[in-house]
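I opened a notebook page for this structure. The entries below follow the order in which I looked things up.

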Amino acid sequence: MIAVDFPSIQNLVEWKNIFGDGTFFAFNKIGLISVLALLIPVALFLFAKKDAVPRGLQNVTEGAVEFVENQVIMPTIGPDGMRFLPLLLSIFLFIFFGNIFEVIPTFNMPANARMANPLLLAILVWAVFIFVGVKNHGAKYFIEIIWPPSVPVGLRPLVGLIETLSVFILRPFGLAVRLFANMLAGHILLVTFGWLCVVLFVPNALAAILPFSFAMLVLLTGFEIFVSFLQAFVFALLTAVYIDSSLHPAH
Amino acid sequence: MSVLATIATETLELAQEANLTADDQKGIAGAAGAGMAYGLAAIGPGIGIGYLVGQAVQAMARQPEAAGAVRTNMFLGIAFTEALALIGFVVFILLKFA
């Protein structure tokens, strides 16, 4: 029997405050990563030139804008959704840069593996799609969900209850938990194999497992880069779908 | 359900024989339940995502010009299906650590 002491979950996701310990302005690694995830996209767009022929950095920013335009907005909302481009692009870039710190050495922590960021973004999206619905349809937006006119009268309470729950409660919950749990799971996976690489560095037969855990660590690092991108994409895509359902409610 | 109950009671009986404290017993029962919870939560979404992506690939192979729309809808479907597995993972974390 061998027993490996795995570090407790508190050691994986809680960080000491860098400054302002015990006050409202307490600032730790998660805060630092969130601020960086906010500043890096802003800096990218400030420093990219706006030439007719893109070169260097401008390729990155134009690529990001075109990706959100062609892959997120056009298939879901359509051409009249272009006015939501700034919102969706900001959400996409903020989540992506918050996630990608998971695989950057010395940081090794995705900001979205704590509930605060995903929850705030989900509440923002929740407020936006309700606002868009009320602005375009007035009180009819709520009536269509709570007492759907296209359903037979006998079924309306049931369908209305399910719709109300799924639109106003499960949507933000699902958005927040999806992002949070994906990033936390990825972080724990990386820690597990990184930790195995350390504790198996012993002068006996157990060290034979080390190459496999190292290979897994390398593979999973690549996979987590992909997941960071995919989760940012999925969050932006679902935001666009929810906004679309507020613009054009169910028939 | 009865299997889960049996595992829980067996674990608790073993724990009482070994003279463990209440906190230890709670930890053991939590760990056993957590492993079971995540294992069960992964079955459905696993089947669902496999079926979903398989059908999406088939659709793309049959109609390559629709690949863009199919891919977007595939990611949407994966996001909704995967949510169940992720809630299972959150339950795992809560049972194990909280």
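**Entry 1: the salt bridge**

I began with charged pairs and found that A:K140 forms a salt bridge with A:E144, with their closest N and O atoms 3.9 Å apart. I used the term for a side-chain nitrogen of Lys or Arg within 4 Å of a carboxyl oxygen of Asp or Glu. Side chains of opposite charge can pair when their charged atoms come close. Over all chains, the structure holds one salt bridge.

The two residues sit four apart in helix α6 (residues 140–146) of chain A, so about one helical turn separates A:K140 and A:E144. I took helices (H or I, at least four residues) and strands (E, at least two) as DSSP runs, numbered from the N terminus. I then looked up accessibility, where buried means under 20% relative accessible area, exposed over 50%, and partly exposed in between (1.4 Å probe, protein chains only). A:K140 is partly exposed at 48%, and A:E144 is partly exposed at 22%.

**Entry 2: ground rules**

I noted that this is a predicted model, in which local features need pLDDT of at least 70 and side-chain atom pairs count only at pLDDT 80 or more, while totals for chains, interfaces and linings use all residues. Residues are numbered from 1 along each chain as its sequence is written, chains are lettered from A and ligands numbered from 1 in the order in which they are written, and side-chain values use heavy atoms, with hydrogens and water left out.

**Entry 3: chain A as a whole**

I counted elements next: chain A has eight helices and zero strands. Its C-alpha atoms fill a box of roughly 75 × 55 × 40 Å along the principal axes. Of the 251 residues in chain A, 43% are buried. I also checked contacts, meaning heavy atoms within 4.5 Å. Among contacts in chain A between residues at least 6 apart in sequence, 66% join residues at least 24 apart.

Is A:S246 buried or exposed? A:S246, in helix α8 of chain A, is buried, with a relative accessible area of 0%. Its side chain reaches the backbone oxygen of A:F129 at 2.8 Å. The side chain of A:S246 also makes a polar contact with the side chain of A:Y141 at 3.4 Å. For that term I required a pair of N or O atoms within 3.5 Å; within protein, one must be able to donate a hydrogen and the other to accept it, and residues adjacent in sequence count only if both atoms are side-chain atoms. Leaving aside neighbours within four places in sequence, the residues in contact with A:S246 are A:F129, A:V132, A:G133, A:H137 and A:Y141.

A:L219 is also placed in helix α8 of chain A, but A:L219 is exposed at 59% relative accessibility. The C-alpha atoms of A:L219 and A:L190 are separated by 9.9 Å, and the two residues are 29 apart along the chain.

**Entry 4: aromatic rings**

I paired rings of Phe, Tyr and Trp (its six-membered ring) if their centres lie within 6.5 Å; planes under 30 degrees apart count as stacked, over 60 as edge-to-face and the rest as tilted. The count came to 18 aromatic pairs over all chains. A:F24 is exposed at 76%, and A:F25 is exposed at 62%.

For B:F89 and B:F92 the ring centres are 6.3 Å apart and the planes are at 20°, so this pair is stacked. B:F89 and B:F92 are three residues apart in helix α3 (residues 67–97) of chain B, so about one helical turn lies between them. B:F89 is buried at 12%, whereas B:F92 is partly exposed at 26%.

I also wrote down one aromatic cluster, formed by A:F67, A:F92, A:F96, A:F97, A:F229, A:F233 and B:F75.

**Entry 5: where the chains meet**

Last, I looked up how many residues each chain gives to the contact: 20 from chain A and 13 from chain B. Chain A and chain B bury about 1,400 Å² between them, 82% of it on carbon and sulfur atoms. Buried area here is the accessible area (1.4 Å probe) that two parts lose on being put together, summed over both. Between chain A and chain B I found zero salt bridges and one residue pair in polar contact, both at pLDDT 80 or more.
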